Amino acid sequence: MEKNVLGTELEACCFEPKTGFYRDGFCKTGIDDVGTHVVCSIMTEEFLRFSNSRGNDLSTPIPYYQFPGLKPGDKWCLCVSRWKEAYEAGLAPFVILEATHEKALNYVTFEMLLEHKYVPL
């Protein structure tokens, strides 16, 4: 059973668009996931621009990789290193803690994630 950063069972991040390194809706990782796609985040225009400025265009679809292209409001499993980079730049998107894999804590602190916890209105 995969665990989240809260120590409970990892919840799904998103099925529409289908996210995760394995495109199963979960922010799981494995030996072939060199980017460690474990942070379930809600995209913002600012973050998408930031990621693009760092050479990772998340807005343009790439059907070959089953990648639909993202828009603000979409949920997506981000590479923990990109999320941390955005955090340090003051542009980190909100995080869904229940769907963020515990391995994120190998790279960022729980407090960093908690600062950006998504709270539904």
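**Arginine 23**

In this predicted model, arginine 23 lies in the segment that comes before strand E1 (37-42). Arginine 23 is buried and yet has no salt bridge, since the nearest side chain of opposite charge, that of aspartate 24, is 8.2 Å away, and a salt bridge would need the charged atoms to be within 4 Å.

What the side chain of arginine 23 does reach is the backbone oxygen of glycine 20, at 2.7 Å. When its neighbours within four places in sequence are left aside, arginine 23 is in contact with Lys18, Tyr65, Gln66, Phe67 and Trp76.

**Helix H1**

Helix H1 covers residues 45-53, and its buried residues are Phe47, Leu48, Phe50 and Ser51. Seen down the axis of H1, these buried residues fall within an arc of 160°, so they line one face of the helix. This pattern can be read alongside a general point: an α-helix has 3.6 residues a turn, so residues three or four places apart point the same way.

Just after H1 comes glycine 55, which takes a positive phi of about 95°.

**The sheet**

Three strands form an open sheet in the order E2-E1-E3, and their pairing is antiparallel. E2 and strand E3 (94-95) stand at the edges with a single partner strand each, so one side of each is left without a neighbour in the sheet.

E1 and E2 run antiparallel and are joined by 5 bridges, and across from lysine 75 in E2 stands isoleucine 42.

How values were computed:
Residues numbered from 1 in each chain as written. Predicted model: local features only at pLDDT ≥ 70, side-chain atom pairs only at ≥ 80, totals over all residues. Heavy atoms only, no water. Helix = DSSP H or I, 4+ residues; strand = E, 2+ residues; numbered from the N terminus. Buried < 20%, exposed > 50% of the residue type's maximum accessible area, 1.4 Å probe, protein only. Lys, Arg positive; Asp, Glu negative; His and termini not counted. Polar contact = N/O pair within 3.5 Å; in protein donor to acceptor, adjacent residues only side chain to side chain. Contact = heavy atoms within 4.5 Å. Arc of directions from axis to C-beta. Pairing = 2+ DSSP bridges.
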